[in-house]
Amino acid sequence: MKIAIIGATGTIGQRLVQEGLRRKYEITAATRDSSKIDKNTERLQGISLNVLDPISVEAVVSGHDVVINAYGPQFGNEGELTEAASAIVEGMKRAGVQRLLVVGGAGSLEVEPGVRLMDTPDFPAEIRPLAQAHVDAYEIYSQSDLDWTYISPASWIEPGKRTGNFRIGTNRLITDDDGASRISVEDYAAALFDEVADPLFTRTRFTVAY
C-alpha cells in the first residue's frame, strides 16, 4: 500500500511515518520543506507540499492508496486548518484518490451527552480557536464524497512509548479511573494504522486513549 502523509515533520506526523515504515508500507512524507525528511530508507520519499493549494495536493497524492492528514497550523493561524481541509478534499478529488484519514482534535468529543470538552469551564481559552477550527474542518470532511475517517486523540497526547494497548471509542472522551484522558503519540499512530489496515470507521470518527 502506498500512503501519503501530509504534515510529516510534526510531532504526530513523524510518528506516523515511523509507524507506516514499521508496517512495511511505501510512505510519501509531504511537508512544507522536504529537506527536513530523513530519507534513509528506500520505502520513504520526501516531497514538498503547499497544503493550502489543491493543485499542489493533487500532485502529491496522485497514485496513492491512502492519504493521512496530520497538518497542524502554527499558533495564531488556526484558520489555515479549514483552508487545508478544503484544499485536501479538492486535491484528492482531482487526483482520484478516495481514502483519507485525518488527525483530528479532542475538543469536540463529548464529556457527557450534549456537552463537548471544548465547552467545559476548564478548557484552556487559548486552545479554543484551534478546537473550533478542528470542528469546522470536520464539517468539511464529513460533507465531502471521500472515504474519510477522523481520529480524535485523548485530551492529552504527547510523545512516549508504543505499547499497543489502548481503548477505542466514538464520540465520547475516554478517561481512566482517575478521570485522566491520555495517549502517547506512538500509540495514537498505531491505532490510526490499525484503521488503515482494517477499516472499521469509514465516513465517521473514532477516538483512542488509555
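This is a predicted model: local features need pLDDT of at least 70, side-chain atom pairs count only at pLDDT 80 or more; totals for chains, interfaces and linings use all residues.
Residues are numbered from 1 along each chain as its sequence is written, and side-chain values use heavy atoms, leaving out hydrogens and water.

**Salt bridges**

- The structure holds nine salt bridges.
- One of them joins the side chains of Arg15 and Glu186 (3.2 Å, N to O).
- Arg15 belongs to helix α1 and Glu186 to helix α5, so this pair ties together parts that are 171 residues apart in sequence. (Helices are DSSP runs of H or I with at least four residues, strands are runs of E with at least two, and both are numbered from the N terminus.)
- Both Arg15 and Glu186 are buried; buried means under 20% relative accessible area, exposed over 50%, and partly exposed in between, with a 1.4 Å probe and protein chains only.
- Arg22 and Glu19 also meet in a salt bridge (4.0 Å, N to O), and they sit three residues apart in helix α1, about one helical turn.

**Aromatic rings**

- A search of the whole structure finds four aromatic pairs. (Rings of Phe, Tyr and Trp, the last by its six-membered ring, pair if their centres lie within 6.5 Å; planes under 30 degrees apart are stacked, over 60 edge-to-face, and the rest tilted.)
- Tyr25 and Phe193 have ring centres 5.8 Å apart and planes at 20 degrees, so they are stacked.
- Tyr25 is in the loop between α1 and β2, while Phe193 is in helix α5, so the pair ties together parts 168 residues apart in sequence.
- Tyr25 is buried at 11% relative accessible area, and Phe193 is buried at 0%.
- Gly20 of helix α1 touches both Tyr25 and Phe193, as well as Ile27, not counting residues up to four places away in sequence. (Contact means heavy atoms within 4.5 Å.)

**Helix α3**

- Just after α3, Gly96 takes a positive phi of about 75 degrees.
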